[in-house]
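Reader: I am new to this structure. Please take me through it step by step.

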Amino acid sequence: MNTPLAYLLRPKSTSEIIGQKNLLQDDGLIKRMINNNFCRSLIFYGPSGVGKTSFAMALANDLNTEYDLFNASYDKKENLTKIIDKAMSKDRFILIIDEIHRLNRDKQDILLNFMESGNIYLFATTTENPFFTINPAIRSRATSLELKRVNHDDAFDYVNQLIKDNKVDINIKPESLKYLCELNSGDIRSLLNNIELFNNLYKGEEITMDLISKVISQGKNPSGSTGDDFHDLKSALQKSVRGSDVDASLHYFSRLLSIGDYETLMRRMIIMAYEDIGLANPSLPPRVLQACEAFRQIGMPEGIIPLCLVIIEMALSQKSNSALTASQKAFEDVKNGMVYDVPSHLKENHYKSAVKLNRGVNYLYPHLEEKGWVAQQYLPDEIKNIKYFKPKTSSSYERKLWSLYEEMKK
């Protein structure tokens, strides 16, 4: 059986780790642990393919500590029990749990007693946010380290060195290698898999950009429809639209679209329309709804057109959150107990004997007035002077609404 290149090239020491300069600073935690031969439970958190498990194993080697690996995705619980039994007989042992977010909460709690024993240290890896997927008790006993995607320059230098050291045999020019590194979006495992493919199937041939495009139909999308990446992209899209950066809006829109979770994307677009555009351009939210319905009717790829149109329009539209702010403050007051009796003249009076209860008495009907407005109290006495709505003066439509309101009051 041929051993995968990514496995053969797995680093034996943290000095061989690609990228992750944020964690491998001379005066950082990792270097200090190694220099002082000090062990600590760690959580390695980051996107797939950046070397979390490799980092954990390399650090265990640098600490001269025996370790064993348990993959929560497919290893059986019996295997974990065997590893723990073995670890209990050692002075110091590192238990590496890959994909720890796959362990349910009950099984995670089993680890606590052994972590407290003092000789077993947990090195856990996860692609999910540890604050959502790992028990607080385990997090409190470990230090979380976030691994970043490897940037294109570091990936290029790494593969270039592999070629110089004759560890891979491919004929590729620098511009083509840069293109290949960019296609893999910081996922070193994916990059090595593609290098292995060219190394085995195109030996002796020049690996051109055209050939790469034919073999690799599209760049790897490092994001999925779950996890931090997905939520970060939704956040970036909304903040780019809110900030009126149309190019950034289109970029994040395209990345979300390529993931394929169209309903979640359209739901966020509708939220943005009502939350950030609001009264500044009140005809736009219904058009966003129409564009989403058009997408459902048309499908991919032509359905992108109506969605893209309203993304551009939202980014370039005037913005206002005055309606959101007003409703939030009013709702918060109600939740906090500011609930008082409705003024008698506003109460329901469409039944016999309502007058006897003073219901609806002295109510002034605005439609009888020439301007359609009449001065009377609508709020309960206790909060009759409260003001929730404050128009955005930067919005021409809101200025118009408010001027009409002020005119009626005169």
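Author: Start with a term: a salt bridge is a side-chain nitrogen of Lys or Arg within 4 Å of a carboxyl oxygen of Asp or Glu. One more thing first: this is a predicted model.

Reader: How many salt bridges does the structure hold?

Author: The cut-off for each pair is 4 Å between nitrogen and oxygen. Over the structure, the total is 16.

Reader: What is the N to O distance between the side chains of Lys335 and Glu332?

Author: The two residues sit in helix 17, 3 residues apart, so about one helical turn separates them. Lys335 is exposed at 53% relative accessibility, and Glu332 is partly exposed at 38%. Their side chains meet in a salt bridge, N to O, at 3.7 Å.

Reader: How many residues apart are Asp154 and Lys21?

Author: These side chains also form a salt bridge, with N to O at 2.9 Å. Asp154 belongs to helix 8 (residues 152-164), while Lys21 lies in the loop between helix 1 (5-8) and helix 2 (29-35). The pair links distant parts of the chain, and the separation is 133 residues.

Reader: Is Asp154 buried or exposed?

Author: Buried means under 20% relative accessible area. Asp154 is at 16%, so the label is buried.

Reader: Which residue forms a salt bridge with Arg32?

Author: Arg32 is partly exposed, with 47% relative accessible area. The closest N and O atoms of this pair are 2.5 Å apart. The partner of Arg32 is Asp27.

Reader: Which residues is Ser54 in contact with, leaving aside neighbours within four places in sequence?

Author: Ser54 is part of helix 3 (residues 52-62). Its relative accessible area is 13%, under the 20% cut-off, so Ser54 is buried. With those neighbours set aside, the contacts are Arg10, Pro11 and Ile17.

Reader: Which residues form the nonpolar patch on the surface?

Author: Together the patch has about 460 Å² of accessible area. One member, Tyr365, sits in the loop between helix 17 (322-335) and helix 18 (396-409). Tyr365 is partly exposed, at 44% relative accessibility. The patch consists of Tyr363, Tyr365, Leu368 and Tyr378.

Reader: How far apart do the C-alpha centres of domain 2 and domain 3 lie?

Author: The domain assignment places domain 2 at 152-219 and domain 3 at 227-316. Between their C-alpha centres the distance is 35 Å.

Terms used:
Residues numbered from 1 in each chain as written. Predicted model: local features only at pLDDT ≥ 70, side-chain atom pairs only at ≥ 80, totals over all residues. Heavy atoms only, no water. Patch = residues over 30% accessible without salt bridge, like charges linked within 9 Å, V, L, I, M, F, W, Y side chains within 5 Å. Areas by Shrake-Rupley, 256 points an atom, 1.4 Å probe, with all protein chains shown as cover. Helix = DSSP H or I, 4+ residues; strand = E, 2+ residues; numbered from the N terminus. Buried < 20%, exposed > 50% of the residue type's maximum accessible area, 1.4 Å probe, protein only. Contact = heavy atoms within 4.5 Å. Domains from an automatic or database assignment.
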